[in-house]
Amino acid sequence: RSLLGRIQQLDPQLNSFITVTEAQALAQAKAADARRAAGETGALLGAPIAHKDLFCTQGVRTSCASKMLDNFIAPYNATVVEKLAAVGCVSLGKLNMDEFAMGSANESSHYGPVKNPWDLTRVPGGSSGGSAAAIAARLIPAATGSDTGGSIRQPAALTNLTGLKPTYGRVSRWGMIAYASSLDQGGPLARTAEDCALLLGSMAGFDPKDSTSVDQPVDDYLASLNQPLSGLRVGLPKEYFGAGLDSRIGAAILAVVEELKKLGATVKDISLPNLQHAIPAYYVIAPAEASSNLSRFDGVRYGHRCDSPVNLEDLYKRSRAEGFGAEVKRRIMVGTYALSAGYYDAYYIKAQKIRRLIKNDFVSAFNEVDVILGPTTPNPAWKLGEKSSDPVAAYLEDIYTITANLAGIPGLSMPAGFVDGLPVGVQLLAPYFQEGRLLNVAHQYQ
Ligand code: GLN
């Protein structure tokens, strides 16, 4: 009740929630109380959270922040939603995001932009901007997010939080509305690595309903938090500290490195030579997959339908023209172009080859180091509207985060201090399924 009051009082300024599910939350809280009274324990029993509005929730609208799904009520829960409910989490509602998770500023939502609680004139990052703003403003202690190219880590960085993108396949995508299926992963955002460990432990695991989820036991993430860091080999990729990085962020990152050295880590300079190709490759592959995934929104099966269509063609055209926002249309156009005959080899296949080179860069780097460390973003939070007329300027903000998705490896962002009063993040990357190592390093530092 206290958090619901806080949401009512503060969220009109932030716009972090699309839907608040008060009655359901109170019922879930009561059920959690009863389980506790019956002797059940568990850190998440009764823990208030909220879900990014691309996780399907039975009986509660799942909009993906799009006019297209403004009227969509899923008949089932996403696996992540089910799993967190099963351990007793209380969901307070559905969180704002960029439309269909396309964006880095949470400005493309049909329900309006989200504001950064640290400075209401600035963006909170995206696409999980509602998740980040709600936690940073202490409306909820933790939330789910999704990360296709940085959408958990980048908003975490811009709002002073910890956020984790798991290894591709670690968390089920079933019931998570698809943006780019080979890159999408759900994960937690919270204030600390410890809270992320708690959440991830309940979100992760094999799901027969998601054919890309991996059948491998889930580590005990809480147990891994307290390992000493002595002997940890930290790699600093020279490409992450080059032109384009705000030098004040560079200094904040090196201060984190000094702290890790005091905790026993050793540091090595490494190279990820294909970083320069990551943005063009990602912005071919992600829109290509999006153009395919979003073809299901045709005005027939679900979602927005135009008034009085004269025939089927008109129904498709006008429903999609009215239902999708500008950034979503841009991605569908780019993706359709890259996949079309004559351009497929030149763009899509080439991007896939670059993707393999990027993966190979990580595989060789992890022969030498245990974690890779660098900035999460090149700049702190920018002003609302500052980059909205220049999509490429916004795409460039994803430079440090998208490679983890292209390679499928886990990545974590944690607070690294402030630049001009604005939070900045440090990113840690690890080999496949080493989420425990990332949480360990972050927890020791925190
Ligand atoms: N900013 C990136 C994009 O717009 C990443 C978004 C995401 O991770 N969902 O595609």
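How many bridges join strand β9 to strand β11, and do they run parallel or antiparallel? I was working with a predicted model, and there I found four bridges between β9 (residues 371–375) and β11 (residues 422–429), the two strands running antiparallel. Within this part of the sheet I noted Ile372 standing opposite Leu429 in β11.

I then looked up the helix on this sheet: α15 (residues 435–445) packs there and touches β5 (162–165), β9, β10 (411–419) and β11, and its direction makes about 25° with that of β10.

Next I traced the whole sheet, which is open and has 11 strands in the order β1-β3-β2-β4-β6-β5-β10-β11-β9-β7-β8, with mixed pairing. Its edge strands are β1 (17–20) and β8 (266–270), each of which pairs on one side only, and I recorded an average twist of 30° from one strand to the next.

Turning to a helix pair, I looked up α9 (residues 278–293) and α12 (residues 344–365), whose axes come within 9 Å and cross at roughly 125°; α9 is therefore oblique to α12. I noted the crossing as left-handed. On the α9 side the contact includes Val284 and Ile285, and on the α12 side Tyr347, Tyr348 and Arg355 are among the residues involved. By class, the residues of this contact divide into 10 nonpolar, one polar and one charged.

Last, I checked the ligand, which has 13 residues around it, with Ala101, Ser104, Thr148, Gly149 and Ser151 coming nearest.

Key:
Residues are numbered from 1 along each chain as its sequence is written. This is a predicted model: local features need pLDDT of at least 70, side-chain atom pairs count only at pLDDT 80 or more; totals for chains, interfaces and linings use all residues. Two strands pair if DSSP finds at least two bridges between them. Axes are lines fitted to C-alpha atoms, for helices over the stretch in contact, and angles run from 0 to 180 degrees between N-to-C directions. Two residues are in contact if their C-beta atoms, placed from the backbone, lie within 7 Å. A residue is near a molecule or strand if its C-beta atom, placed from the backbone, lies within 6 Å of it. Angles under 35 degrees count as roughly parallel, over 145 as roughly antiparallel, 65 to 115 as roughly perpendicular and the rest as oblique. A crossing is left-handed if the near helix is turned anticlockwise from the far one by less than a right angle, and right-handed if clockwise. Ala, Val, Leu, Ile, Met, Phe, Trp, Tyr, Cys and Pro count as nonpolar, Asp, Glu, Lys and Arg as charged, and the others, Gly among them, as polar.
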